[in-house]
Amino acid sequence: MKKSTKKLMALLLAILMLVALTACSEQKTETETPSSEQRAETAGSGSAKPEEANAVPEKSYTIGVAEAQAIEDVTIRHEYYEKYLGPLYNVKFIFSERLEDDNATKAFIENCIDMGADAIIDFKSCNSTMAKLCEENNLVYVINSVPRSTNYDLYEGVSSAFAGGVAGNMPVTGSYIADWLTENSSEDGSEGFLISSCMASTGVVEHIEITTRALEALQKKYGLTYTQEIGSIVMSPDPVIVENDKGINIYVYPGSPNRDTWLPGIVPLLTTGNYGFFISCAETYDTTANVVDEVERAKNIDIKVVSLGAMSSASLAFSNQDVHGNVSVDLVIATCSTAQSGTLFAVTYNALTNGVESQYIDGLPTYYTVNKLRLAGLGEAETLKGWDTMQTKNWIADQEFIDQLLIIKNPDLDPAGMKEFLASIDYDAIVEMISR
Amino acid sequence: MSKIKKAHVTLYNVLFTVMIPLCVLIIMEMLVRCFTGVHLIDSQVDFITLMRRVVTSFCFALGLNCNLALGRMDLSAGSQMYLACILGGNLAMNLTGSLGEAAEGIFILLLSMLVGAFAGALVGFLYVKLRILPMVLGLGVALVYECISFIVNNNQGLIMYGKGRVLSNWWFLGITVIVVMAVMTYLFQYSYFGFNRRAIRGNQKLAADVGINIYSNAVVCYILAGVLVAIAGIFTTVYETRLYPVLGMSSNSYVFVNLFPMAVGMWLARKTNPVVGIFVGALSVQLLILGLGKFSVIGMSSYMQTCIRYLCWLVFTIYRMNEDRFGYAKERKERIALAKATRATMAAAG
């Protein structure tokens, strides 16, 4: 290689390294909200002795986490598990990259077995095949799913490794959207309703619940008679124009927002201007923000947007105003990342310390649901700003929260008690927690 | 050729070039109106959506053409786009601080173009030094670039929610198209680089024998391709507000999606030049896609629309592969008619 070429390559690579390092740097934002550790330190004297409450367990465990996505929530979970819960409870974590299918999940679990893992938290496959693999290798298996068609057998006790499942509280999520829809839609329904059912047709329970509740809410409000069963509409893999006796425009559009075809399919529907309500079962308010804004300007209409979302971007979403001066998103159902991840950790840890049966009810595995947060305005979003984010690392589900779910801290705790605690965690409870 | 004949030929070429998108527009308008009751371009939103898609498709297809026309199928183009947008975009957002919104958007675009140029330059350098087949090299580099894109910004890719709105404005899109067309037309048609490129395209060995540096030309082609796909990626990301990194060569999907407009463009380029041809090709294909998208209103799934689109591509490819046969059949007919006329004349004379 010529000298000049070597010099040029060296220069190019040095610039590339500089660029990569700068791009990879994190912005540290200062916030006045106290960190979780500070709150734990300033806890009242009514709590247990600090040295006992905060004593790190002697036994170390290793937990593998099989991820399904590469979204911000995943990054938050990794940081929360590795840097916060890990040192507190003497647990090491092994994280997968985004897993494409069951084969990838199986390969990851096998790698974890080789690395001496004690448990697997599965966000991807959530089925008995993986549970059996864990059972054969004496691992505990916990999933991020409620009972559904692909894993009913797990909850019927098919595997002794399965300790239970954790997911968002679907009925409550569905009711948030249904109630909001009932309150905010017009008397005659003339504005039209576009529902993105996302992956309901593939059996995702949350999407099925939201789509079903939305259709039921519309049916109840306007006294509609659909020509098709709601179940078949929700489970349809093709778009459905929901015909009804009152001629109200209702369109159900399926498909994963992660696919390249989703947005190009939604855009023509929104640009017709026939839909004044856009309800999405996934976090899509940012993806559709521009097209909704453009349609509102062109057609001089106000499109109300309802979507699942993340706490970190909710305040930005509510801060953006459309051409009419209204907020660009009207309702966000946000997941409290650490509450859900922390509960998964707690169930897994209880199974490791006290056996899988400690998480059973009536001799069978059960599932735990974590309430999502209903954010209907900037004020609510701003209250939670700075919590459960990578920038601040202030975790809502701090040690105090997790300890309430652990049997080693509460010997009398049972799954029913855990469910009762989780049912009490709603927006108001979280606000109270973070204000302390 | 006389001036009048030249003018006729030029007029014919212009009309031919304009007729293709016009025909697509008319056909899709009729179909959409007939089946859905709405117009193909029903509002300003449709117009801006069309402009945006044409710009991104045009830039990406032109980027592919930089190398493909010279026999180099670069399968890393998609990953270069991801790397340029994710690395360049995040770097720009970290560096801009309190700049105004417009300046921030333009800075994101420029820095992404710079990173795209570097990404392309590296691929070009590896190609000329290692002499690996372009397709194989492209696959390998795609894997590496995808991994780097994945690592940057904690696997979050590029999130532009609430940022860079100037890049969504129709006038900015128009300016971008005009600038890209002007620059690329100059480079491809009137610069030494363009002359050399066309010579290499004709016969690489002859071009090398007469003293053209085919290696530097290849590297410049890769750099231009990197810059163009970065532009395409940024406009796509601004519209969709985020660009998630992908793995497992999923970035190749952008390459294959944009081969259709590129193929149509190269077919039209016979009448004009590659840049104009590819622009018109991108416009034609995006009109087709816009029209098919309208059928969502009557319940046609996006998968069916994709099937129809690729069916059109298949038909077009079959036509292109057999295009010569139509001309041959016509010439044969003319020869036979001439032979018969000559025989008749000779028979009458004799």
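Entry 1: I worked on a predicted model, in which local features need pLDDT of at least 70 and side-chain atom pairs count only at pLDDT 80 or more, while totals for chains, interfaces and linings use all residues. Residues are numbered from 1 along each chain as its sequence is written, and chains are lettered from A and ligands numbered from 1 in the order in which they are written.

I looked up the assignment for chain B and found domain 1 (44-265 + 275-300) and domain 2 (301-350). Taken over C-alpha atoms, the centres of domain 1 and domain 2 of chain B are separated by 36 Å. I then listed contacts (C-beta atoms, placed from the backbone, within 7 Å). In chain B, 9 residues of domain 1 are in contact with 9 residues of domain 2. On the side of domain 1 of chain B that touches domain 2, the elements giving two or more residues are α11 (259-268) and α12 (274-294) of chain B. Helices (H or I, at least four residues) and strands (E, at least two) are DSSP runs, numbered from the N terminus. The largest share of that side of domain 1, 4 residues, comes from α12(B).

**Entry 2: a sheet in chain A.** I turned to an open sheet of 6 strands with parallel pairing in chain A, in the order β2-β1-β3-β4-β5-β14. Two strands pair if DSSP finds at least two bridges between them. β2 (91-95) and β14 (367-370) of chain A stand at the edges with a single partner strand each, so one side of each has no neighbour in the sheet. I noted that β1 (residues 61-66) of chain A pairs with β2(A) in the parallel sense over 5 bridges. In this pairing, A:V65 stands opposite A:F95 of β2(A).

**Entry 3: the nonpolar core.** Which residues touch the most other members of the largest nonpolar core? I found A:A119, A:V140 and A:Y141, in a core of 223 residues. Such a core is a set of buried Ala, Val, Leu, Ile, Met, Phe, Trp, Tyr and Cys residues joined through C-beta atoms within 7 Å; buried means that 20 or more other C-beta atoms lie within 10 Å of the residue's own, with C-beta atoms placed from the backbone. Helix α9 (residues 214-240) of chain B gives the largest share of this core, 17 residues. Leaving aside neighbours within four places in sequence, A:A119 is in contact with residues including A:Y61, A:I63, A:V140 and A:L352.

How values were computed: Domain bounds come from an automatic or database domain assignment. Two residues are in contact if their C-beta atoms, placed from the backbone, lie within 7 Å. A residue is buried if 20 or more other C-beta atoms lie within 10 Å of its own, exposed if 12 or fewer, and partly exposed in between; C-beta atoms are placed from the backbone.
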